[in-house]
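Here are my notebook entries from a first look at this structure.

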Amino acid sequence: MTTEQDQSTTEDRPNKAISSTTDRPIASGDGRSASFAVSGPDSPATDDSNDSGPYIDDIAPRRTRDFGDLTRAGLSLLMAAVVMVFAVYLGGMTRGVESDAHTAAQAINWLAAFPSTVLTQLATTVIVVIVLAQLLLAREWLQAAVSALAMFAGYGIVWVISTAISSLNDFTLPMALVSAATSYGSGLLPDIYAGMASFLTAAGPRRTRSTVKWSWNILYAIAAVMVVLSWHSVTGMLVSMAAGRTVGMLIRFVVGTQNKGVWGQDLVAALKGIGLDTASLIRHQEPGVGHGSLAVTLDDDLAEGSRIYDLDTTDNRRFIVSVIDAQTHTVGYLKQLWDWVRFTSVSIRRDRSVRDAVQHHFAMLLGLHNIKLPAPAPYGIADTDESAILVLDAHTIELPANLNTLTKADAVAYMRYLSVASRRGYTHRRITPDTLARLEDGTAVIAGWLNGDNASGPANTALDKVQLLVLFAALIGVEPAVEAAREAWGDTTLTALAPFIQKVAVPSPTRALESWDKQLLKGLRSRITALADEETVESAEPVTLARFSWRSMITMLLVIVAVVVVFTQLKPEEIITALTNANPLMAVVTLAFGVCGWIGSSISLGSLMARHKRDNMGVFMSQVAGGFATVSMPAGVGPSFVNLQFLRKSGYRNTPATAIMSAALVVYYAVYFSMLVIIGLFTGRNMFSGAIPTNTLVIVLGVVVVVVLSIAMMIPPLRHWVTRRLMPLAKTYINQLLDVLSQPRQLTVSCLGALFQNATTGLAFWAALQAFGHSSNPIETTFVFLLAYALGSAVPTPGGLGGVEAALTFAFVAVGVPQGVALSATLLHRVVFYWLRIPLGAAAMKWLDRHNLV
């Protein structure tokens, strides 16, 4: 074999020339046409070859787009953004770093006598000359030209960035970047770092060329000297270098880098190291196989991004040789990282190096053979600095299954295969249509164990079964797939999979099938839940698999909004003034009424629970924890959510827990509005008749509800959906609610608890008024408070924040309380019933979590 290697690092490799009757023109590493020879048994020997030399048919190294370059470009861009943020908002830190550097490097102050341009120009000249010299001597013309263009691109990008930053109206960022050797305008950032970083990046990677490695060290040394001597700022240097690195990585990704893996004779030498003497080595050139970085074939058990060879040895054995290069492995590793970030509750493999990936694949295949499952038989592995090699017995290679002819019996066979692996702790992690394979005798085999693992947990085992079940549901139908799963796994295992049947669990190749339907998962889940009894269905809590979802994003957004609202509404100086001017004794009374409110809500909820499921201390702590949930939810929603979770953990199923929680809410609001009506009638207070158009408001609300409901029921699809989907659920829920409310003794105690809660909450505001020297009727104060609090809580902010304060202040000013007193009393009341409950609620939440009650 003769090949024209255009890498300097391959000059010392053995390159045994083998004559041939055919020559193929191919693309060499730098784009030139190169001659590649293959030899046959009858070919005459040339040079130091002989007739007994191996027959080799391989492709010379070519350029490869390494997705690692794209990733590093993104990280460099992120670093530049972070540095600029630090420069604007943490300028003291960057100035402190520069000051420490100046203090620690007094020994090189003598360099300050030299002009800064002398050092930068000298470093630039040395770097460019030695790197280009090595490239040109190795005849890497394309690499040299691309590196030079990248250098000019680096200078250009730093010029653009400098001009853009200098044109900003705010001078904070330019002031952080400017230094003694730079100036406002196009010269704001030092261009040496961008130009040289882009040049060296395009000429690299550094591990393959010694001059690139030493040039990076020179650039780092120059950067340190220039910062120490105050010629360049730390932030300016970092932004310039990150910009150049980004440009260089993008150029390197577009042009590609030379493949440094083992090829031809080097591959033969590596195989000889594991006891295989090559007679013939032929690379596959199958037209049906894709050319992407993750192209796969069953020849090597679906190893991603590999190149495949047929190997015949001198002792007449046949093998399949799978070679994965470090550059093509990058995209597979990035995919593993994305799955690791995307999934929660399940473990994901992360094979950082190509050597780790191949060794793990080898171990998985050996493990499958150990548990007597048919799989490709591995012979051995070998690796070099840039490639890893897996050798498989050619007689055990699998064949693809015909997806159009699969039957229920086939589904049972594949499911039993997976069941055997699962029982021994082996999980696949990515079952797709490509993984359905057969042996020559037709035996069903699941292929592609590269990303699998052993000693797996229940979540990964369930995920495997869901992927296979959904795949067959798409191929042969939901009903046959479920029947096959019942036969292979049993009803108990099958029904336990229902919480895992989610879109995120299904790989994209399965969803890309023509037979895939958006309603398939819903139908599959419904069919499985129909096999279980009602108690099992209700006890099956949903499993969170996706770390990111619309629900989590919306929740995160609400939390961010809550934090912003809290901190914008929090006015410490006003609260501190109110607390310092309050009567300490009455402030303590206000706090005592706040604790009584928790006791009342505990009585109201606890009385509706069965005695054997009621933990009195747990009930009380759940009411305290409700104050913490209020921070991120509107008033009333947070405590209800905590109550529902507490009831579930106390042994109630979903429907009874929801019914008890709803009954507590019904009791609370029924008592609340009953108090308003009764106190209003017996006290004769009519203070808001001119402020609130009650009759008009009721009429408008009634008309809107009737019109909206009528229009909704006039739409047939919506009407059918309501009658078929919502009405049965509503009937079940209402029956449970009526069952709870039909117990006179428990209902009476619950009403008394709600009465105690509402009364003490209103009396707490009366105590707050007393704390600032304003006397009032406690009953009338309670009435005004309840009415104003109901209006303020309607504001959809966390805990009614902002709306409650405004409503209470306005209401009591309207009934004659001085504005300063009303505002101070409102702030004191909110400290006790809102702000103080946040840390206490957090502590209660931790207590409940430790006792498995939330």
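**Entry 1: a pair of helices**

How are α14 and α17 oriented to each other: roughly parallel, roughly antiparallel, roughly perpendicular or oblique? Before answering, I noted that I am working with a predicted model. I looked up helix α14, residues 478-489, and helix α17, residues 520-529, and found that they pack at an angle of about 45 degrees. Their axes are 10 Å apart. Angles under 35 degrees count as roughly parallel and 65 to 115 as roughly perpendicular, so α14 and α17 are oblique to each other. I also checked the handedness, and the crossing of α14 and α17 is right-handed.

Next I asked which residues meet there. On the α14 side I found V478, E479, V482, E483 and R486, and they meet L520, G523, L524 and R527 in α17.

**Entry 2: the whole protein**

I stepped back for an overview. The protein has 31 helices and 13 strands. Of its 854 residues, 48% count as buried. I looked up the accessible surface too: it comes to about 40,800 Å², and 63% of that belongs to carbon and sulfur atoms. Among contacts with a separation of 6 or more, 74% are between residues 24 or more positions apart.

**Entry 3: a sheet of six strands**

I then followed an open sheet of six strands, which run in the order β3-β6-β7-β8-β10-β9 with mixed pairing. β3 (55-57) and β9 (378-383) each have a single partner strand, so one side of each is left without a neighbour in the sheet. From one strand to the next, the twist averages 20 degrees.

One detail for your own viewing: Y55 has S280 in β6 as its bridge partner.

Which helices pack on this sheet? I found α9 (residues 264-272), which touches β3, β6, β7, β8, β9 and β10. The direction of α9 makes about 130 degrees with that of β6. I also found α11 (residues 354-370), touching β8, β9 and β10, with its direction at about 170 degrees to that of β9.

**Entry 4: one valine**

Last, I picked V619, which lies in helix α22 (residues 616-629). Is V619 buried or exposed? Its relative accessibility is 3%, so V619 counts as buried. Leaving aside neighbours within four places in sequence, I found V619 in contact with S602, L605, G606, M609, R614 and F646. I also looked up I603: it is 16 residues from V619 in sequence, and the C-alpha to C-alpha distance is 8.4 Å.

Terms used:
Residues are numbered from 1 along each chain as its sequence is written. This is a predicted model: local features need pLDDT of at least 70, side-chain atom pairs count only at pLDDT 80 or more; totals for chains, interfaces and linings use all residues. Side-chain values use heavy atoms; hydrogens and water are left out. Two strands pair if DSSP finds at least two bridges between them. Helices (H or I, at least four residues) and strands (E, at least two) are DSSP runs, numbered from the N terminus. Axes are lines fitted to C-alpha atoms, for helices over the stretch in contact, and angles run from 0 to 180 degrees between N-to-C directions. Contact means heavy atoms within 4.5 Å. Buried means under 20% relative accessible area, exposed over 50%, partly exposed in between (1.4 Å probe, protein chains only). Accessible areas come from the Shrake-Rupley method with a 1.4 Å probe; for residues, only the protein chains shown count as cover. Angles under 35 degrees count as roughly parallel, over 145 as roughly antiparallel, 65 to 115 as roughly perpendicular and the rest as oblique. A crossing is left-handed if the near helix is turned anticlockwise from the far one by less than a right angle, and right-handed if clockwise.
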